[in-house]
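Try each task before you read its solution.

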Amino acid sequence: MGPETTAIFQSWTFEPWIIITSLLAACIYLRGWWRLHRRLPWRFPVWRLIAFQAGLLTLFLALASPLHALAELLLQFHMIQHLLLMMVIPPLLLLGAPILPLVRGLPRPLLQHGLSHVFASTALQRLGRFLTHPLVCLLAFTVSNVAWHVPGLYELALRSEFWHGVQHVCFLGTGLLFWWPVIQPWPSRVRWPRWTMIPYLLFADIQNTALSAFLVFSERVLYPTYAAVPRLWGISALDDQAAAGAIMWVPGSVIFLVPVAVIAIRLLDSTRTRSAREKNNFNQDHEVYDQKHPNPSFPS
């Protein structure tokens, strides 16, 4: 391993805001989860705690680990970082059903005298209903994903630390919105029938595939910054771009299609269960009827 590679893998970014924010969110959630778990253990099992904390840990690794340094030199690592922000971290956080644990984990005086009025605001509730509408979630996710991969905006994020941060916030924020209708974290309300999440996810997969194919099959380097940085491990800028597209294509599609399969299986199981229940009820009704109205016997 050369000195450059060694330096990269040792380049952890211990930014105070990343560490403090992650630890604060982890502690608040843990405090609220423990209170709710004692009262509603079936609603807040241990696996929800693990999912939320795993999401925070993955977020820390995406922003503070050597992955961040590698992303500045190789597009494929930048793509891994973006996949984590859009398609791994958001569903993990939402699987933790974070609304009530985060609220119950706050200090009681702060909740009673400050945030309770904010949470009860009609304007805030309307905004929440608007932002979590499936059409808004899908549109925000698609626009953010496509727009930030346009060469002009992508280059802006590579040149400016501020816009790079804005890009990451957009990816994480729209990722949370996108996965909200799919996971539907309790106690939020279902807006669309469950079967609609299948075309919802398939549309997201189609736009992801189209964008990935654009990167894989392009015959020129789309982001000049990666052609100017030092080349690691002898990977050309064009090969790096194709590898980034493949990473976006294959793991991205798997992440979209797995929940499609899970939803389809559950819908089929619920249909079978409903049919079996209706058949059982039908048979029971006939048995009761036969008992009350026995067949008349005719003389031979």
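**Exercise 1.** Find which helix gives the largest share of the nonpolar patch in this predicted model.

*Solution.* 
- Start with the members: Val118, Leu124, Leu127, Phe130 and Leu131 make a nonpolar surface patch of about 420 Å².
- Now place them. Helix H8 covers residues 122-131 and supplies four residues, the largest share.
- Val118 lies in helix H7, residues 108-119.

**Exercise 2.** Decide whether Val118 is buried, partly exposed or exposed.

*Solution.* 
- Take the relative accessibility of Val118, which is 43%.
- Recall the cut-offs: buried is under 20%, and exposed is over 50%.
- Val118 falls in between, so Val118 counts as partly exposed.

**Exercise 3.** Classify Cys137 and Cys170 in the same way, then state the number of disulfides.

*Solution.* 
- Cys137 has 0% relative accessibility, so Cys137 is buried.
- Cys170 has a relative accessible area of 27%, so Cys170 is partly exposed.
- A disulfide is a covalent bond between the sulfur atoms of two cysteines.
- The sulfur atoms must lie within 2.5 Å. By this rule the count is zero.

**Exercise 4.** Describe the backbone at Ala97, Gln184 and Pro187.

*Solution.* 
- Most residues other than glycine have a negative phi, and most peptide bonds are trans.
- Ala97 has a positive phi of about 45°. Ala97 sits in the loop between helix H5 and helix H6, and is buried at 1%.
- Gln184 has a positive phi of about 50°. Gln184 is in the loop between H11 and H12, and is buried at 15%.
- Pro187 is also in the loop between helix H11 and helix H12. The peptide bond from Trp186 to Pro187 is cis, with omega near 10°.

Note on methods:
Residues numbered from 1 in each chain as written. Predicted model: local features only at pLDDT ≥ 70, side-chain atom pairs only at ≥ 80, totals over all residues. Heavy atoms only, no water. Buried < 20%, exposed > 50% of the residue type's maximum accessible area, 1.4 Å probe, protein only. Patch = residues over 30% accessible without salt bridge, like charges linked within 9 Å, V, L, I, M, F, W, Y side chains within 5 Å. Areas by Shrake-Rupley, 256 points an atom, 1.4 Å probe, with all protein chains shown as cover. Salt bridge = Lys/Arg side-chain N within 4 Å of Asp/Glu carboxyl O. Helix = DSSP H or I, 4+ residues; strand = E, 2+ residues; numbered from the N terminus.
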